[in-house]
Amino acid sequence: MSEAPNASEPLHVIVGVSGGIAAYKACHVVRDFKEQGADVRVIPTENALRFVGAATFEALSGNTVETGVFSRVDEVQHVRLGQEADLVVVAPATADFLARVAAGRADDLLTTTILVATCPVVLAPAMHTEMWLNPATQANVETLRNRGITVLEPAHGRLTGKDTGPGRLPESHVIAELARTVQRTAAFSPSLAGKRVLISAGGTQENVDPVRFIGNRSSGRQGYALGDIAAQRGAQVTIVAGATDQLEPPSGAEIVRVRSTRDMRDAMVERAPESDIIIMAAAVADFRPETEADTKLKKGQADEALSVIQLTENPDILKTLVQMRDAGQTRATVIGFAAETDNELDYGREKLRRKGADMLMVNSVAGGGVFGQSRNRGWLLSADGGQEEIPDGTKHEVAVRIWDAVERRLR
Ligand code: CTP
């Protein structure tokens with residue numbers, strides 16, 4: 001684990017930029033780190049400067065920008081920058097750039113800095129799908145990962161031009177968040193390769209009439225963070241998402257949008273048989289109005305409104321999935337979440353037993369924490385009596401700890 005030298009010292013981040021059309025997104029990565037209080041130094045390649053000018057990077061980072069090893073030679077900056085860095089993030093990393101780093105080249109300031117750096121290095125590739133899938137690129141990625149460098153999985157989606165597929169640069173705040181997670185925890189390795197992961201996230205909503213619904217304050221952040229980390233560890237991820245804040249879905253994950261608890265149950269049950277790990281991170285509405293009004297309830301219709309808001313119980317999705325596991329309809333390890341305001345461990349242990357899940361992450365939500373927040377903490381309980389405290393951290397850091405524990409269990 002690599003830490004900033006001390007709490008009062010800002011994190012020294014090098015944002016490298018190589019020459020791809022997505023270079024403009026590096027500006028947002030720089031901004032994101034600056035907003036978090038980091039000292040950011042941008043090192044573009046010569047080709048990156050054909051896409052975005054040095055002045056932009058200098059203004060955003062507040063530091064000078066150089067590309068070659070022959071400027072400020074007296075300061076030996078090609079060695080100093082790498083030595084002083086706490087984190088190096090390259091976004092975008094082109095196919096050629098990956099090849100140069102994999103070969104150990106040191107022909108400009110950025111590659112030299114990476115060779116010197118002993119801190120975590122995170123490369124965010126962006127290129128056309130064919131280039132990403134080419135065996136030459138894949139071999140370079142494997143070489144880099146074997147050396148402990150984190151090569152992020154590219155996002156799926158629209159590329160330059162009309163084509164779509166894996167190769168897109170993930171959104172800038174996702175890159176920044178994943179890079180910070182790597183810096184605080186450990187490099188991502190493809191430890192979940194070949195696994196199919198099914199995650200529910202966000203809150204379900206139950207219609208009262210065409211304009212009103214019963215919902216909850218779940219943001220979907222923890223479920224999305226679990227998806228982000230699983231995808232970066234090589235899993236094939238599907239997220240069944242109810243209402244979420246305006247979050248960017250994890251790069252590389254398939255997203256299935258649902259609204260009601262029954263829709264979420266159907267989507268989860270349909271995909272459970274081919275899943276290896278199922279996580280119910282969604283905040284599921286336990287009740288729904290018995291009937292849904294066809295037209296908007298008006299002020300004068302108190303009687304009708306009161307009868308519509310008669311509640312009836314929703315299915316328990318987690319229990320349904322556990323029943324499927326017990327009936328041999330899915331081989332999946334089933335993991336639930338619990339949000340508790342008090343007596344967390346006792347209630348959690350009881351809930352784990354009642355629901356029959358293999359593991360349960362108990363969140364402490366006293367005082368309105370967790371929902372919609374970027375941090376979380378709690379305990380991870382397993383059916384065999386295991387208990388692990390998950391210390392306070394960002395939802396991505398918590399996701400790393402949860403996956404570490406799940407992977408230990410799978411082994
Ligand atoms: N859950 C579910 N279906 C429901 C309610 C909850 O699948 N109808 C899942 C949640 O996604 C979570 C776990 O069950 O993984 C526990 O959810 P929680 O709301 O804490 O528990 P409840 O069963 O609703 O129990 P209580 O309200 O008594 O705390």
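Colleague: In which sense do strand β17 and strand β18 pair, and over how many bridges?

Modeller: Strands of a sheet pair through backbone hydrogen bonds, either parallel or antiparallel. Here β17 (residues 359-364) and β18 (residues 375-382) are joined by five bridges in the antiparallel sense. Within this pair, Met 359 faces Ser 382 of β18. Two strands count as paired if DSSP finds at least two bridges between them. Strands (E, at least two residues) and helices (H or I, at least four) are DSSP runs, numbered from the N terminus.
This is a predicted model, in which local features need pLDDT of at least 70 and side-chain atom pairs count only at pLDDT 80 or more, while totals for chains, interfaces and linings use all residues. Residues are numbered from 1 along each chain as its sequence is written, and side-chain values use heavy atoms, with hydrogens and water left out.

Colleague: Which strand pairs with β18 in the antiparallel sense over six bridges?

Modeller: That strand is β19. Trp 379 has Glu 389 of β19 as its bridge partner. The hairpin of β18 and β19 has four residues between the strands, and in it Gly 385 adopts a positive phi near 100°.

Colleague: In what order do the eight strands of the open sheet lie?

Modeller: Their order is β12-β11-β8-β13-β16-β17-β18-β19, with mixed pairing. Strands β12 (254-257) and β19 (387-394) form the edges, each pairing on one side only. On average, neighbouring strands of the sheet are turned by 20° against each other, direction ignored. Such angles run from 0 to 180 degrees between N-to-C directions, and the axes are lines fitted to C-alpha atoms, for helices over the stretch in contact.

Colleague: Which helix lies across β13 and β16?

Modeller: Helix α12 (residues 317-326) lies across β13 (277-280) and β16 (333-340), and runs at about 160° to β16. Contact means heavy atoms within 4.5 Å.

Colleague: What is the order of the five strands in the open sheet with parallel pairing?

Modeller: The strands follow the order β2-β1-β3-β4-β5. At the edges stand β2 (39-44) and β5 (150-151), each of which pairs on one side only. Strand β1 (residues 12-17) is joined to β2 by six bridges in the parallel sense, and Val 17 stands opposite Pro 44 in β2. Helix α1 (residues 25-35) lies across β1, β2 and β3 (87-93), at about 175° to β1.

Colleague: Where are the cis peptide bond and the positive phi in a residue other than glycine?

Modeller: Most residues other than glycine have a negative phi, and most peptide bonds are trans. In this model a cis peptide bond joins Ala 91 and Pro 92, with omega about -5°; Pro 92 belongs to strand β3. Asn 343 has a positive phi, near 50°, and is placed in the loop between β16 and α13 (344-355).

Colleague: Which residues come nearest to the ligand?

Modeller: Of the 14 residues around the ligand, these are Met 280, Ala 282, Leu 318, Lys 351 and Lys 355. A residue is near a molecule or strand if one of its heavy atoms lies within 4 Å of it. A backbone N or O atom of Ala 282 is 2.8 Å from a ligand oxygen atom, and such an atom of Leu 318 is 2.7 Å from an oxygen atom of the ligand. For Pro 315, a backbone N or O atom lies 2.9 Å from a ligand nitrogen atom. The protein covers 77% of the 570 Å² of accessible area that the ligand has on its own. Accessible areas come from the Shrake-Rupley method with a 1.4 Å probe.

Colleague: How is the chain divided into domains?

Modeller: Domain 1 covers 12-184 and domain 2 covers 196-410; these bounds come from an automatic or database domain assignment. The contact takes 14 residues from domain 1 and 11 residues from domain 2. The centres of the two domains, taken over C-alpha atoms, are 35 Å apart.

Definitions and conventions. A polar contact is a pair of N or O atoms within 3.5 Å; within protein, one must be able to donate a hydrogen and the other to accept it, and residues adjacent in sequence count only if both atoms are side-chain atoms.
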